[in-house]
Amino acid sequence: MHGKCFIFNYSSSGTKGKELRFSVLNDFCELTNLQELYIKGNNLKDSLPMCFSNLTSFKKLSLSLNQFSGNISALKSLTLLESLDLSSNQFSGNISALQSLTLLESLDLSSNQFSRNISVLQSLTLLEFLDLSSNQFFGNISALESLTSLQLLDISNNKFHILSSLRPLFNLSKLKYFNADNNTIHADDHEMSHSSAPRFQLSSISLSCCGTGGSFPQFFYHQSELQKVTLSNIYFKVDRFPFWLLENNTKLGTLRLMNCSLSGPFQVPLRAHSALIYLDISYNAFGGNIPVRIGARLPFLDYLNMSKNCFNGSIPSSFGDMSSLQVLDLSNNQLSGKIPEHMATGCSSLQFLALSNNTLQGSIFSGNFNLTSLSELELNGNNFTGMIPNVLANCSDLYILDLRNNYIFGEVPSWIWNKSRLAELDVSRNQLFGRLPQWRGNVSNLEQVSMADNQLNGSIPRAICSLNLKLKFLDLSMNSLYGTLPSCFKPVSAKEVHLSKNMLQGALSNAFRDSSSLVILDLSYNHLKGNIPNWISHLSDLSYLLLKGNHFEGEIPIQLCKLDRLSLIDLSQNNLSGGIPSCLKVSVLNYVIEQYIWYHLLDVDTNSSMSIEVPIEYTVKSNSYSYKRRMLQYMSGIDLSCNKLTGKISFETKNIMKLITLNLSHNSLTGPTPEGIGQLGTFDESSYVGNPFLCGSLVGKNCSLVVTPLTPKATAINKEDHGFIDMDAFYGSFSACYVMVLLCIAAMLYINSYWRQAWFYYIQMAVDSCYYFVVDNFPGSFCSRNM
């Protein structure tokens, strides 16, 4: 073929979703006059054939969104190329082949595995578009100072060392867009000695993560066309907000200054800034009051995040002037006072409101209310009082309601039943009372429910079974709930269920039988009874099983051995009997917990919303600790203390290799303690105390002197016991001897008064000795049930 222009466009739509996996690049090697080739988004796996170097007529080449790999040395002879797009492939190695492509105007190498420095690019002086993002390039960016035609430069997600002053780019007079996120930022020690101003006027700049920026970059003083600025996770030595950025750049619409170590007061511009719609100054150290006139000076904001600072004083009423505001986050400050009524009426567009972890007080929305667009409301960690406001019933799109850690009282209002979009509800650690709400079928989207640590009473209604399909998290612990668990309650998607420290009764029956996704099941400190059900083996993801302080009886089900992910098991303070299954196993599962932290984002830039994290109470060496997720994932343990277990301790070594805690105390276990045997040899006396028939150095008893209780073995053919005691004969002879001794003693005491007085003194001493012997050697009988 001898045509001057051949365009081949193999798009994903052209293949109707089928992946092209055969080698196609060799087919083009004979098209020496081919000028444009587009092979995009076909998931091709291939490398560049060396015959590609014959296609010297190429002007435009795009191989993006495939799985091409290898190096790009075959491109070095394509000197007429004006546009090259190799993005989103698996190319690797250096880019020295590009050094001769001096006519390139657009170069996209993003999302590959290229490495080394970029010095070879300094000859590409006609480049207008350069994207090197998401590779492994390193070194400095001084090679870019000769690319004076550049308009867009993206070097994000590499390993570059970049001066915060951007001095190597000062000559790039046409540069408008610059992105250098996720590299290492360094302060320019010579910035003050170079008084020259940059030749560029940027429209957008993003410098996020990581490093030390020194003083606020001086080049910003010379910028007046900025529309978008992101400076995040860089340590700047600045003691006040650079409000002059707003004064000098009247077109600035987005300003992100998260986690930049900024401090001092927050200042608003002297005049109203009509362009700014997005402002994020979270994770800094700003202090003092929020400016009273913030609403008047920044009237068109639709996103404002001032969280995790040191602001104090009251919330300015002028927030109510921001009628376009959709997201407002003032959480984790030191704000006090009430929620301004003007804000509750004027911010009619508000969808996300977070005021959590301040010292706000008074009733929630006690006056007029117009925030009917709210989808997420976070007021946790304050001093709010009063009842849950009924005005929230008007928020038809309410998705998340977080009121935990306040002083709210009253009953859970009935309008919550009608919130069909409500997915997350947390009213824990308040002063709510009354019965649980009768969930109705239309509340089918509830995924997280937490009402822990209140004064709720009554039984758990059967209506809770309407949550079986969507529920992932339930916490009703630390209330006064009683009655039995509804047998229909089998939340199929639940990851965590916390019902501890209530007064629940009866057997488990079929509750949780089909909850195969459960990771944490905490039913400790209740009055549950009966056997631990065999269907527990169906809970294949179960990692944390806590049944402490109940009345469970019978043997430990061997089905527990089928739980391969079990990490922590606490069956202490029950009435369990029989032996300990030798196959019982636990392990540390570092990856499990992180899978079940749920975050819901209003959009990609919104702070994460409610994340319910319930600590698990577990006893280690007689001290109870509360472990949260980040510590819990490193815990593994078995606590079977304060039961009636018998038999020998015979764990299989392979099953307890990562066992961190063990408590078998206050039972009736027999035989020697497993000293020096694998992981069991690392535990001290506290793990075995209160087992009178155990011996070994850990319990201070010589095994050769300890007589263990023996169970007689009888057969129908031969009644000879081969060394065991005939219990029938023993009981008969013992009874006869006992009666004779009592008669003799009674006769002697009747005859001699002195002996009678000495005898009663001896009896009193013997009673005292027996009492202290029992206390010292049988403390299992005195295990308390702390509720």
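This tour moves through a predicted model, stopping at its disulfides, its nonpolar cores and one asparagine in a loop.

**Stop 1: the disulfide of cysteine 29 and cysteine 51**

Begin by selecting cysteine 29 and cysteine 51, whose sulfur atoms lie 1.9 Å apart and form a disulfide, one of 5 disulfides counted in the model. The link joins distant parts of the chain, 22 residues apart, with cysteine 29 in the loop between strand 1 (7–10) and strand 2 (36–39), and cysteine 51 in the loop between strand 2 and strand 3 (60–62). If you look along the S-S bond, the torsion is 50°, and the link is right-handed. Cysteine 29 has a relative accessibility of 10% and counts as buried because the limit for that word is under 20%, whereas cysteine 51, with a relative accessible area of 22%, is partly exposed.

**Stop 2: the disulfide of cysteine 465 and cysteine 488**

Next select cysteine 465 and cysteine 488, which are joined by a disulfide with an S to S distance of 2.0 Å. Because cysteine 465 sits in the loop between strand 36 (455–459) and strand 37 (473–475), and cysteine 488 in the loop between strand 38 (480–483) and strand 39 (496–498), the pair ties together parts that are 23 residues apart in sequence. The torsion about this S-S bond is about 75°, so the disulfide is right-handed. Cysteine 465 is buried, at 14% relative accessible area, while cysteine 488 is partly exposed, at 22%.

**Stop 3: the disulfide of cysteine 695 and cysteine 703**

Move on to cysteine 695 and cysteine 703, where a disulfide joins the two residues with 2.1 Å from S to S. The link between them is right-handed, with 100° about the S-S bond. Here cysteine 695 is buried, with a relative accessible area of 4%, and cysteine 703 counts as partly exposed, with a relative accessibility of 34%.

**Stop 4**

In soluble globular proteins, nonpolar side chains tend to be buried together. To see the largest nonpolar core of this model, which has 189 residues, select Phe52, Phe178 and Phe512, the members that touch the most others in it. Several elements each supply at least two residues of this core, namely strand 2, strand 12 (159–163), strand 15 (204–208), strand 17 (228–232), helix 1 (244–248) and helix 3 (341–346). Helix 1 gives the most to the core, with 3 residues.

Now centre the view on phenylalanine 178 and show its surroundings: leaving aside neighbours within four places in sequence, phenylalanine 178 is in contact with Leu153, Ile155, Leu166, Leu169, Leu202, Ser204, Ile205, Ser206 and Leu207. Another core, of 11 residues, lies apart from the largest one, and you can find it by selecting Val519, Leu546, Ile616 and Tyr627, which are among its members.

**Stop 5: asparagine 358**

Finish at asparagine 358, in the loop between strand 27 (352–354) and strand 28 (359–363). Is this asparagine 358 buried or exposed? Asparagine 358 is buried, with a relative accessible area of 7%. Showing its side chain together with leucine 330 brings out a polar atom of that side chain lying 3.1 Å from the backbone oxygen of leucine 330. Beyond neighbours within four places in sequence, asparagine 358 is in contact with Leu330, Ser331, Asn332, Asn333, Gln334 and Leu335, and also with Gly381 and Asn382.

Conventions. Residues numbered from 1 in each chain as written. Predicted model: local features only at pLDDT ≥ 70, side-chain atom pairs only at ≥ 80, totals over all residues. Heavy atoms only, no water. Disulfide = S-S within 2.5 Å. Helix = DSSP H or I, 4+ residues; strand = E, 2+ residues; numbered from the N terminus. Buried < 20%, exposed > 50% of the residue type's maximum accessible area, 1.4 Å probe, protein only. Core = buried A, V, L, I, M, F, W, Y, C linked by side-chain atoms within 4.5 Å. Contact = heavy atoms within 4.5 Å. Polar contact = N/O pair within 3.5 Å; in protein donor to acceptor, adjacent residues only side chain to side chain.
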